[in-house]
Amino acid sequence: MEPSDHEEASVLYSPGREPKIVPHINANARKETRWTFWLITAGLSTTFGAAVPTGYNIGVINAPANKRSFLLCGFLLFVGGVCFQFCQTLSSVELLMAGRFLVGLAAGLTTSTVPMYLTELAPLGLRGALGVFCSMGVTGGVVVGQIISLEEIFGTEEHWQFALSFYVILVVIFFVPYPWLPESPKYLFVIRRRQDEAVNELKRVAGKKVRDEYVREQIDAMRRECTPENDEESCGDGQSTVQKPKERTIWSVLTDRTLLLPLVLVCALQGGQQLSGINAVFFYSVRIFESVGLSSTDAKFANLGAGCLNLFVAFFSPILMAKFNRRFLALLSCAMCALFLFCLTFIVFFIDDVEWFSYASIVAILLYILFYQIGLGPIPYFIGSELFEVGPRPAAMAMGSLASWGCNFIVAMLFTTLQSAWGAFVFLPFAFTCVALTVLLRIYLPETRGKHISQIVPLVAKGFSSKPLVP
């Protein structure tokens, strides 16, 4: 059936089939864009229960596809915290290493599943705003970790184990509402084929005032995300018969040519987020500030100030995601980060020759952090949820998380060595990474704000032959 005059239409791309025209969700969906009790509860619980502890375990070190994944994150974080608490009492380095290993697993799981879960719960108009909660939580956790690990608090030889395990309090408190948190309606409908449960959860998330028309539109949208071989007969008829779940393995995603470009974009953004230099600043920021002439104490507080600036800008992320296009923010962020990294290289190289360059280096670092947080900071966390349908989404987010933490590991292992060998030029690889990201995103990243997945998928389905900017 052809779409009516007052509806927009898009082409739904399906491998091996002729493209079919589907109507977009009309303006009625936008009327349901409001914060409800369960949206807020899910956002706060996952952010403070998993994302903040993840960031905490990054910051605390500096100074001294199952949807039950959130529960697993909490369990790993809790056990890791117990290991930290008792490793000094038992004089066990092995226990300390085990704790870090468990927290590392939880961190990877958190950054791949929490943004996906929140964006699947959110209505179209709040998808970006809720999607950045994980980024905000990680950023806030870094700052809290920096504060707790100060020598004036727990950053001493006698109390460091309390600094490492302090985050467990957040895990315990914010996992209390877990049994009542809503399941993702998309996961229930498309993956598990539990249509009645999906409708009930959709109504619960949308609030008591939700209209039946909105629910029908959302169900129609989820129906279009079903696989071509199962769409009409397995999740479009409203029957209660048990159907085979729509599951995509990592291998099937890697070998699907229609998913090549979005997978490259997700991995490039998540890996590039780490290779953009942010962890060179926060893992070794105290050393950077000391190298420009600050005392050890002043350098630690300057580092804390940088973290606070990062968090302050992060608080505006939901507003930025709601008001500005993803492409604009990502391109601006990458380009300006590259610029200030080049500036930082120049300044540090000549810092002994120009007296005021010590202050200029601090300004360059702070401006870098500011522009990082408006795009490179939050967008990579949730962009995979906007480029992939529900089926391949968990595998794609897992690959993105692997790229992120893999590049994080590379920076942590190599930065000090390269800094000793290259001096000021150590920031150049990060600058060139930002330049490369700017070029890639300029050519291939489609705009996703306010668009349903059925509009986005066809734009990136032809690999590097795709032309996402061509109307």
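**View 1. L90 in the loop between α3 and α4.** L90 counts as exposed because its relative accessibility is 58%, where exposed means over 50%, buried under 20% and partly exposed in between (1.4 Å probe, protein chains only). The residue sits in the loop between α3 and α4 (93–121); helices (H or I, at least four residues) and strands (E, at least two) are DSSP runs numbered from the N terminus. The model is predicted, with pLDDT of at least 70 required for local features and 80 or more for side-chain atom pairs, while totals for chains, interfaces and linings use all residues. Numbering starts from 1 along each chain as its sequence is written, and side-chain values use heavy atoms, without hydrogens or water.

**View 2. The nonpolar surface patch.** F78, V82, F86, L90 and V172 together expose about 450 Å² of accessible area in this patch. Accessible areas follow the Shrake-Rupley method with a 1.4 Å probe, and for residues only the protein chains shown count as cover. Patch residues have over 30% relative accessible area and no salt bridge, with nonpolar side chains (Val, Leu, Ile, Met, Phe, Trp, Tyr) joined within 5 Å and like charges within 9 Å. A salt bridge is a side-chain nitrogen of Lys or Arg within 4 Å of a carboxyl oxygen of Asp or Glu. Helix α3 (residues 69–87) supplies the largest share, 3 residues.

**View 3. L441 in the largest nonpolar core.** L265, Y368 and L441 touch the most other members of this 93-residue core, a set of buried Ala, Val, Leu, Ile, Met, Phe, Trp, Tyr and Cys residues joined through side-chain atoms within 4.5 Å. Helix α18 (residues 326–349) gives the largest share, 10 residues. Beyond neighbours within four places in sequence, L441 contacts (heavy atoms within 4.5 Å) L265, L269, R327, A330, L331 and C334.
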